[in-house]
Amino acid sequence: MTSTELKIPAHIAIIMDGNGRWAAARGLPRLEGHRAGTENLRQIIRACVELGVKYLTLYAFSTENWGRPKEEVNGLLTILESVIDHELNELNAEGVRIVHVGRLEAMPKKIRQKVCHSMEKTRNNEKLVLNIAWNYGGRDEIVCALQEIVKAGIPAEKINEEVITQHLFTHGSPDPDLIIRTSGEMRVSNFLIWQSAYAEWYFTPTLWPDFNKEELKKAIDNYSHRKRRFGKL
């Protein structure tokens, strides 16, 4: 199936897994795997722009990842800062809108300010909405949404799926059509628990740093052959 024949999902979400194993297979430190994975972001984001994907959500750092060794966490924060510094202008020029998904307040102040700047600078872009899930957890997101609903004084009888959706970190983005997990692992890992209710899942053994444009097209091709019924016949 050629790219013109592919059924392009409006929203793709990706669990970018396998950086550590990629590095270990090459005798490199884990952080080098994360750097390689970050380098790979460029081609996947641009491929989504070329293919006409409108929303891309990337699972970059979970609420549980703070439990990793301090050196690795600090390295990941440094990589995030570097990406903002070196990629923001080009992403902005390509029409990419950057949105943070998760609890922003847990980040160091300097990086938090840069994330806020990147969102403000790109807020009017419409080519692709890039949701970066950093310090994100699906359960934490639902807890946060419920807390905000209570603070807003919304009575119990008025709470429905639409109200909850409006208070999620991802409000403004449609639910994902296709969720991809690299590295061969086959679990949800606390990612988009609410939003993935009727998403199509695609699992690939390819490690994230090796997940290139052709691998993305394979996933979309697989999606193109599925029939989505949303619980109906």
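Analyst: Happy to. The axes of helix H2 (residues 30–51) and helix H7 come within 9 Å and cross at roughly 50°. Because angles under 35 degrees count as roughly parallel, over 145 as roughly antiparallel, 65 to 115 as roughly perpendicular and the rest as oblique, H2 is oblique to H7. The crossing of H2 and H7 is right-handed, a term for the near helix being turned clockwise from the far one by less than a right angle. H2 contributes Gln43, Ile44, Ala47, Cys48, Glu50 and Leu51 to the contact, and H7 contributes Lys213, Leu216, Lys217 and Ile220; contact means heavy atoms within 4.5 Å.

A few notes on reading this: the model is predicted, so local features need pLDDT of at least 70 and side-chain atom pairs count only at pLDDT 80 or more, while totals for chains, interfaces and linings use all residues. Residues are numbered from 1 along each chain as its sequence is written, and side-chain values use heavy atoms, with hydrogens and water left out. Helices (H or I, at least four residues) and strands (E, at least two) are DSSP runs, numbered from the N terminus. Axes are lines fitted to C-alpha atoms, for helices over the stretch in contact, and angles run from 0 to 180 degrees between N-to-C directions.

Now to the sheet. Its 6 strands form an open sheet in the order S3-S4-S2-S1-S5-S6, with parallel pairing; two strands pair if DSSP finds at least two bridges between them. At the edges are S3 (96–101) and S6 (200–203), each pairing on one side only. Strands S2 (residues 55–62) and S4 (residues 128–136) run parallel and are joined by 7 bridges, with Leu56 opposite Leu130 in S4. H7 (residues 213–224) packs on this sheet, touching S1 (11–15), S5 (178–181) and S6, and its direction makes about 135° with that of S5.

Leu216 of H7 also belongs to the contact with H2. In the largest nonpolar core, Leu216 is among the residues that touch the most other members, along with Ile12, Ile14, Leu56 and Ile180; this core has 41 residues. Such a core is a set of buried Ala, Val, Leu, Ile, Met, Phe, Trp, Tyr and Cys residues joined through side-chain atoms within 4.5 Å, and buried means under 20% relative accessible area (1.4 Å probe, protein chains only). Ile180 touches residues including Ile12, Ile14, Leu216 and Ala219.

Definitions and conventions: Buried < 20%, exposed > 50% of the residue type's maximum accessible area, 1.4 Å probe, protein only. Lists of a residue's contacts leave out its neighbours within four places in sequence.
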